[in-house]
Number of protein chains: 2
Amino acid sequence: MKRLLALDWGTSSLRGAWMDTSGRVREERSFDRGILKVADGAFPLVFKACFGDWMNTDDALCLMSGMVGSRQGWLEAPYCACPAGFGELAAKLAWVEPGRVAIVPGLSCEHDGLPEARRLRRIPDVMRGEETQVFGALRLLGLREALVVLPGTHSKWVRVQAGRIESFSTFMTGEFFALLRQHSILSRTLPPGDGAFDAEAFEQGVTLALRSNSLLQTAFSARTLSLFDCLPGAALPSYLSGLLIGEELRGQTWQAKADVVIIGSEALTQRYQTALALRGVPAQRMGSEAGWAGLWAIAETL
Amino acid sequence: MKRLLALDWGTSSLRGAWMDTSGRVREERSFDRGILKVADGAFPLVFKACFGDWMNTDDALCLMSGMVGSRQGWLEAPYCACPAGFGELAAKLAWVEPGRVAIVPGLSCEHDGLPEARRLRRIPDVMRGEETQVFGALRLLGLREALVVLPGTHSKWVRVQAGRIESFSTFMTGEFFALLRQHSILSRTLPPGDGAFDAEAFEQGVTLALRSNSLLQTAFSARTLSLFDCLPGAALPSYLSGLLIGEELRGQTWQAKADVVIIGSEALTQRYQTALALRGVPAQRMGSEAGWAGLWAIAETL
């Protein structure tokens with residue numbers, strides 16, 4: 001077994017873990033060098049600048065997942081079509097440098113679209129990076145059935161059956177929050193910083209969204225509640241966050257027998273855990289260890 | 001009866017109509033001077049520069065509606081609380097120059113919020129300008145029961161019973177479209193200009209949104225359908241517009257006996273008429289004549 005440099009190279013950030021031959025993380029690094037901040041053709045240079053010292057040994061292997069495998073990334077790695085198991089993922093690596101540096105493929109699936117419309121009979125969906133975290137989490141938790149939620153810019157809801165990813169759905173929750181926060185009329189009502197998290201306002205936002213029909217309407221309430229002094233400005237970012245997460249949860253369905261696992265940052269997974277509890281759904285949380293475990297498991301197959 | 005300068009002074013534009021003593025529009029002017037482009041205290045100057053020649057007579061009266069009556073406008077005009085009839089609106093003018101220049105009040109109403117939450121028991125909603133168009137349209141069409149839809153940056157759905165505005169709801173449809181178009185990841189997929197309207201893609205967007213749960217999910221399909229070459233780039237703006245308008249329509253309920261009237265620009269009211277037809281709801285359309293008729297009717301009460 002080689003020593004593994006595990007990389008999560010996404011749209012906005014680059015994170016790496018240096019793992020020893022037993023799979024333990026020895027060191028972690030994080031850089032503000034997401035693929036959008038890397039010039040065309042500059043991926044080898046950035047890679048060397050950030051992790052060259054770790055790769056400076058013959059027995060090093062680098063596996064990376066995330067948007068680095070997209071058309072705008074280092075090398076386009078083809079999608080695996082769902083349902084897809086761990087084995088299919090590990091077998092489809094896109095090698096940047098044979099035997100040394102590879103990119104994990106993303107997953108694609110299809111949703112029912114408009115049966116009567118030729119072009120839109122099926123609606124495709126895609127992920128890059130989350131699949132690795134999901135398989136890592138399943139392994140760490142010893143699960144073969146689960147609903148895995150990965151909140152973020154584009155949140156993913158992943159349905160796992162018999163150890164395989166059956167299908168998943170994307171929600172642009174984090175991106176909508178940022179758009180409303182920074183560019184909408186609400187940006188004039190909300191205070192500039194995020195300030196302290198207001199748990200009550202957050203839960204009220206979730207509850208209102210769960211009972212509503214559309215974010216198009218509930219989002220406006222962040223403005224009017226402030227206009228009429230029903231909510232103080234400092235509570236509005238938490239309230240809006242609740243509206244967005246509640247909107248994401250509203251249409252979800254659950255299978256009683258499947259565990260619910262949330263993977264992501266401490267702050268975000270806590271919010272989703274709270275929101276899920278408001279719908280009566282218990283969930284456990286995981287952090288970056290899921291992604292490292294997924295990459296380690298792939299390395300073990302080589 | 002005086003001669004009326006009717007103004008629709010909104011967030012992004014300033015439009016005026018010069019009406020003769022019989023209520024006929026003699027001339028219209030439009031300026032790129034919405035209230036956001038007017039410096040604090042500069043309203044009298046802009047008003048004079050744009051319409052001073054029309055007001056240069058003793059028998060001229062100016063009535064204006066829209067965001068000019070907001071806290072960021074010329075003079076804050078108080079809201080009338082719903083249910084509100086035409087008479088209440090006309091009686092609550094905010095006079096900028098007594099007997100000569102006045103602003104029509106906006107309307108407020110309340111929606112059911114969270115009964116268990118002290119601060120959010122009721123959710124306020126507001127409009128400025130649309131109330132005047134609604135009363136003008138009712139008058140022109142001889143209606144006393146109607147559902148009036150005013151599409152735009154913040155679309156309004158207005159329920160009229162016995163000639164009074166009972167309540168209304170706001171949807172941030174136009175603003176969400178602009179946010180997604182200009183600032184989201186979709187801005188990289190969509191072509192720069194709006195191009196030709198693609199009726200098929202628009203109707204497919206509406207239909208998909210009507211069958212969906214949330215824009216957070218359907219919006220991502222504009223990206224993946226392009227990624228997998230299911231929809232050509234040129235069709236995407238129309239498709240996205242359909243997704244947004246379908247989302248706005250999804251949760252609406254109708255009263256069989258009430259006429260549905262759409263007020264707004266030719267292009268936008270046509271899209272809403274098409275979308276409503278997909279839900280089996282016939283609707284008639286009106287343009288700026290509704291607003292001018294509303295201001296004229298108020299002038300007649302003075």
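Chain B holds an open sheet of three strands, ordered E5-E8-E9 with mixed pairing; strands here are DSSP runs of E, at least two residues long, helices are runs of H or I of at least four residues, and both are numbered from the N terminus. Two strands count as paired if DSSP finds at least two bridges between them. At the edges sit strand E5 (80-81) and E9 of chain B, each pairing on one side only. E5(B) runs parallel to strand E8 (residues 107-112) of chain B, joined by two bridges, and B:Cys80 stands opposite B:Leu107 in E8(B).

This is a predicted model, where local features need pLDDT of at least 70 and side-chain atom pairs count only at pLDDT 80 or more, while totals for chains, interfaces and linings use all residues. Residues are numbered from 1 along each chain as its sequence is written, and chains are lettered from A and ligands numbered from 1 in the order in which they are written.

Next comes a hairpin, made by E6(B) and E7(B) with three residues between them. Strand E6 (residues 94-97) and strand E7 (residues 101-103) of chain B run antiparallel and share three bridges. B:Ala94 has B:Ile103 as its bridge partner, and in the turn B:Gly99 has a positive phi of about 80 degrees.

As for how the chains meet, the contact (C-beta atoms, placed from the backbone, within 7 Å) takes 42 residues from chain A and 42 residues from chain B. On chain B's side, H7(B) gives the largest share, nine residues.

Leaving aside neighbours within four places in sequence, B:Val148 is in contact with residues including B:Val134, B:Ala137 and B:Ile263.

Technical notes
Contact = placed C-beta atoms within 7 Å.
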